[in-house]
Amino acid sequence: MIFNLEQTMASTNRYLKIQISQQTLTSLIAGRHLTAEQLRGLTPTARRTLRRILLDSLKEEGFAGE
């Protein structure tokens, strides 16, 4: 699965359309380098996969805190 970020000129926050592997994305989320608010899946499949990755990161965080 590849994730894309859309480039837009409409706001002061500019977005760049990129591709990143699931493994790299998971590492960035786990290392707290990216948060859910910073990501947007552009297709239904990308949104489902992103949701799963984010939920999995929360499960792992919960186990570490016990």
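D56 and R52 form a salt bridge in this predicted model, with their closest N and O atoms 3.6 Å apart. The term salt bridge stands for a side-chain nitrogen of Lys or Arg within 4 Å of a carboxyl oxygen of Asp or Glu. Side chains of opposite charge can pair when their charged atoms come close. A search of the whole structure finds 1 salt bridge.

Helices (H or I, at least four residues) and strands (E, at least two) are DSSP runs, numbered from the N terminus.

R52 has another partner too: a polar contact of 3.1 Å joins the side chains of R52 and Q22. A polar contact here is a pair of N or O atoms within 3.5 Å; within protein, one must be able to donate a hydrogen and the other to accept it, and residues adjacent in sequence count only if both atoms are side-chain atoms.

R32 sits in the loop between helix 1 and helix 2. Its phi is positive, about 60 degrees, although R32 is not a glycine.

The table shows how accessible these residues are. Buried means under 20% relative accessible area, exposed over 50%, and partly exposed in between (1.4 Å probe, protein chains only).

| Residue | Relative accessible area | Class |
|---|---|---|
| D56 | 25% | partly exposed |
| R52 | 40% | partly exposed |
| R32 | 55% | exposed |

The largest nonpolar core has 6 residues: L25, I29, L39, L50, I53 and L54. Helix 1 (22-30) and helix 2 each supply at least two residues of this core, and helix 2 gives the most, with 3 residues. Such a core is a set of buried Ala, Val, Leu, Ile, Met, Phe, Trp, Tyr and Cys residues joined through side-chain atoms within 4.5 Å.

Finally, the chain as a whole. Its secondary structure comes to 2 helices and 0 strands, and 18% of its 66 residues count as buried.

Residues are numbered from 1 along each chain as its sequence is written. In this predicted model, local features need pLDDT of at least 70 and side-chain atom pairs count only at pLDDT 80 or more, while totals for chains, interfaces and linings use all residues; side-chain values use heavy atoms, with hydrogens and water left out.
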